Amino acid sequence: MNRFLSFASVFVLLLIVSCQKEKSFELGQISKGSLQDSLGDCLSKTVAGTYTSAKGLNDSNFIDVEVNVIQTGRYTIYTDTVNGYYFRGAGSFSKTGVNTVRLKGSGTPGVVGTDDFYIFFDSTFCDVSVTVQSGSGGGGGGTQSGDYFPLTQNSFWTYDDGAGSDTAKTTVSGASAIGGKTYERFITTYELGPPNDTAYYRKDNTTGFYYNAVDTSIFSGLITFSQSTLDVLFLKNSLTTNATWNSDFNGKVQGQNITVRFKFTCTDANASLTANGISYTNVYHITSVIQAGTAGIFNDIDTPQDFYYAKGIGLIKVSDQFFGDQVIRYYKVF
């Protein structure tokens, strides 16, 4: 490359620098202030409009928030995105002291419930709650298909660990052929970022049974199998309390034959469960454990887990002795 700039290049460079300086001058200084008073309490906030599941927001949906301005200038005040929508306001403060700013709502609320937002300005933040109502009078954001484990594309479920915010989101995204069978792909993303998880499920429409393609690598090579995935029957659409079933697979441990058993028990076929303030009925409570054995004698090789499936919605809670609870927060079944 030539070490020297041509006259034309210098002219263009000067023009760019000049324009940038002019733009910077026109934008002016950035404002400073707080969403809180001198005692650290949040200033007044007013939520306006009606918020309806699956209905896009309009000009009637906004939050008026008071701001204590200590330096005039440009501002951007905004919320995080929750349940598919958010609020934002931008402009310029011309006076110090308490000002009121309108944050316009954008997006489409996903499901029924109470959404907790954080409002951000300068280095301060405050919380505000918005209630989303049902557009159809029921369902809480889901359809009543009759399935205890919906597999419809783009359906999603979000879960928390009791902290009051989404920690994981599972979405049905595409299909995959495994071992000659077609499974729906469930991708789970986490609040703290990758790695993401991918799982595969299918339904036998004749029997109403649900299967999970379990990767044999979970046994860390301690147990070997002739196949790379196990087609585990983990749920049925029609169950009674205390019903049990097993999914058995032949494997080897140090060359010796062994049977690996996924054992399931329907602890309650008509349970009720309240999760994040929403009551669910027609819930299957399933307890599962992995066992290994020979000659008909089996021992647990994993700790039991409890799964809760709501009719027309899907998995709403998982309880694990070591990893704690994962509880549904939002969902949308298509």
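**View 1. What lines the largest pocket.** Sorted by class, this lining has 25 nonpolar, eleven polar and five charged residues. The structure is a predicted model, with local features needing pLDDT of at least 70 and side-chain atom pairs counting only at pLDDT 80 or more, while totals for chains, interfaces and linings use all residues. Side-chain values use heavy atoms, leaving out hydrogens and water, and residues are numbered from 1 along each chain as its sequence is written. Here Ala, Val, Leu, Ile, Met, Phe, Trp, Tyr, Cys and Pro count as nonpolar, Asp, Glu, Lys and Arg as charged, and the others, Gly among them, as polar.

View 2. The largest one has 50 residues, and Leu235, Phe262 and Tyr309 touch the most other members. Strand β16 (residues 256-275) gives the largest share of this core, nine residues; strands are DSSP runs of E, at least two residues, numbered from the N terminus. There's also a second, separate core of 24 residues, with Val67, Leu103, Phe117 and Phe121 among them.

**View 3. Asp122 in its loop.** Look between β7 (113-121) and β8 (124-132) to find Asp122. Asp122 isn't a glycine, yet has a positive phi of about 50°. With a relative accessible area of 45%, Asp122 is partly exposed, the class between buried and exposed (over 50%).

**View 4. Gln254 in its loop.** Gln254 sits in the loop between β15 (244-253) and β16. Though not a glycine, Gln254 has a positive phi of about 50°, and at 79% relative accessibility Gln254 counts as exposed.

Conventions: A nonpolar core is a set of buried Ala, Val, Leu, Ile, Met, Phe, Trp, Tyr and Cys residues joined through side-chain atoms within 4.5 Å. Buried means under 20% relative accessible area, exposed over 50%, partly exposed in between (1.4 Å probe, protein chains only). Helices (H or I, at least four residues) and strands (E, at least two) are DSSP runs, numbered from the N terminus.
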